[in-house]
Amino acid sequence: MANDAVAGNALRVAPAQPGATDDPVRRVLAAFTKELVKGVDDTLAAFLATEVDSLTEIDAAMGGFAATARDSVLAGGKRVRPTFAYWGWRGVVGGAEPLPTVLPAFAALELLHTFALVHDDVMDASDTRRGRPTAHRAATARHVAAGYAGDPARFGEAVAVLVGDLCLVWADRLLSHATVAPAQLFEVRRCYDQMRIETVAGQYLDVLGENDPANWSVDRALRVARYKTASYTVQRPLLFGACLAGVAADTPLIAAYTRYGLAVGEAFQLCDDLLGVYGDPATTGKPAGDDLRTGKPTALLMLARQLATPGQRRALERAGPVTGARDVARLAELVADTGAVSRVERMISDRVSEALTALDTASIDETARTALTGLATAATMRRA
């Protein structure tokens with residue numbers, strides 16, 4: 001049911017379907033995304049090899065710790081944030097500007113993303129990420145295997161916090177490798193810092209919502225989506241790319257990017273809300289129903305309570321702690337029966353339309369316009 005609404009795979013563009021070979025959006029995304037992802041991955045691999053070697057010189061154990069951080073960065077992912085930053089930049093500079101000059105800045109966003117993911121997994125007590133044990137679970141297992149003293153779980157969480165911190169510092173260091181004029185770099189850093197602040201703000205609201213669900217609402221859930229996801233997934237990366245291209249903050253292009261980024265970013269999080277309940281673990285890399293187990297007050301669950309009939313609302317309130325797969329499936333069906341899934345699907349569609357309207361007002365390179373049009377749909381019609 002809901003899986004049908006989140007079909008497709010964002011940014012890792014699937015092979016063209018029969019009859020779609022002439023689709024210009026698919027051709028543009030396929031050509032440029034492959035080049036960009038390879039460039040980002042190569043930049044990260046080279047940078048991290050040097051950093052791990054440097055830390056290994058301090059102590060052999062530090063080398064192992066740094067390798068854990070490196071592996072967290074290189075463990076896959078769709079490279080969503082560098083992709084939006086790239087098109088924000090390309091929309092201004094066109095097709096002639098060489099990519100290597102700004103690749104370190106794009107790759108730095110992936111280090112920032114790893115910092116956020118590792119810490120988020122600790123806060124959510126998540127077991128897997130991208131189909132692998134989360135950083136804190138892996139460190140806990142190493143503690144047990146080595147027979148260290150102390151609490152293995154506490155050790156694992158401490159190591160994961162440090163892994164995230166190291167990635168945050170690495171992001172700053174890699175950003176400085178971009179070939180940008182000093183005066184321009186100041187504006188880039190201003191945008192980058194605002195993105196980091198808004199990410200922390202959204203994360204705090206997310207934690208608060210889990211601990212104060214009685215005072216939560218659809219509006220507050222959307223506020224979390226705006227700051228935890230929209231800001232640092234789409235909106236700020238787009239603006240970051242524009243800043244790298246030298247665009248001033250008070251221009252119509254920045255206004256259009258801001259409007260587009262907010263709409264696509266919120267739609268991205270709403271899609272995540274659906275995947276958190278109805279996603280296939282083999283594709284998402286995370287257990288199905290995690291949001292139901294934790295009672296996370298997402299927009300989906302807030303809408304379910306708002307739309308529920310009196311009988312459905314009582315059933316939702318009686319659900320209590322959800323643990324087993326059968327309980328998860330029963331509650332997921334109940335949420336869908338309230339009409340919340342259909343409502344979220346409409347909200348996603350409305351936001352994509354809003355994004356495309358904003359894009360129509362932007363004076364940008366036409367290849368970038370085509371790509372951003374496709375990304376607005378691809379980022380919100382996915383399975384992972």
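Let's start with F106, which is buried because its relative accessible area is 0%; buried means under 20%, exposed over 50% and partly exposed in between, using a 1.4 Å probe and protein chains only. The model you are looking at is predicted, so local features need pLDDT of at least 70 and side-chain atom pairs count only at pLDDT 80 or more, while totals for chains, interfaces and linings use all residues. Residues are numbered from 1 along each chain as its sequence is written, and side-chain values use heavy atoms, leaving out hydrogens and water.

What surrounds this ring? A pair of aromatic rings is described by the distance of the centres and the angle of the planes. Rings of Phe, Tyr and Trp (its six-membered ring) pair if their centres lie within 6.5 Å; planes under 30 degrees apart count as stacked, over 60 as edge-to-face and the rest as tilted. By this rule the structure has 6 aromatic pairs. In one of them, Y86 and W89 sit 6.0 Å centre to centre with 45 degrees between the planes, a tilted pair. These two residues are 3 apart in helix α4 (residues 80–93), so about one helical turn separates them. Helices are DSSP runs of H or I with at least four residues, and strands are runs of E with at least two, numbered from the N terminus.

Now follow W89 to F106: their ring centres are 5.9 Å apart and their planes meet at 70 degrees, so this pair is edge-to-face. It links distant parts of the chain, as W89 lies in helix α4 and F106 in helix α5 (residues 103–124), 17 residues apart. W89 is buried too, with a relative accessible area of 2%. Together, Y86, W87, W89 and F106 form one aromatic cluster.

Next, look at the cysteines. A disulfide is a pair of cysteine sulfur atoms within 2.5 Å, and the count here comes to 0 disulfides. C191 counts as buried because its relative accessibility is 1%, and C167 is buried at 0%.

Finally, find helix α13 (residues 299–307) and helix α14 (residues 310–318), which pack at an angle of about 135 degrees with their axes 8 Å apart. Angles under 35 degrees count as roughly parallel, over 145 as roughly antiparallel, 65 to 115 as roughly perpendicular and the rest as oblique, so α13 is oblique to α14. Their contact (heavy atoms within 4.5 Å) is made by A304, R305, Q306 and L307 of α13 and Q312, R313 and L316 of α14.

Terms used. Axes are lines fitted to C-alpha atoms, for helices over the stretch in contact, and angles run from 0 to 180 degrees between N-to-C directions.
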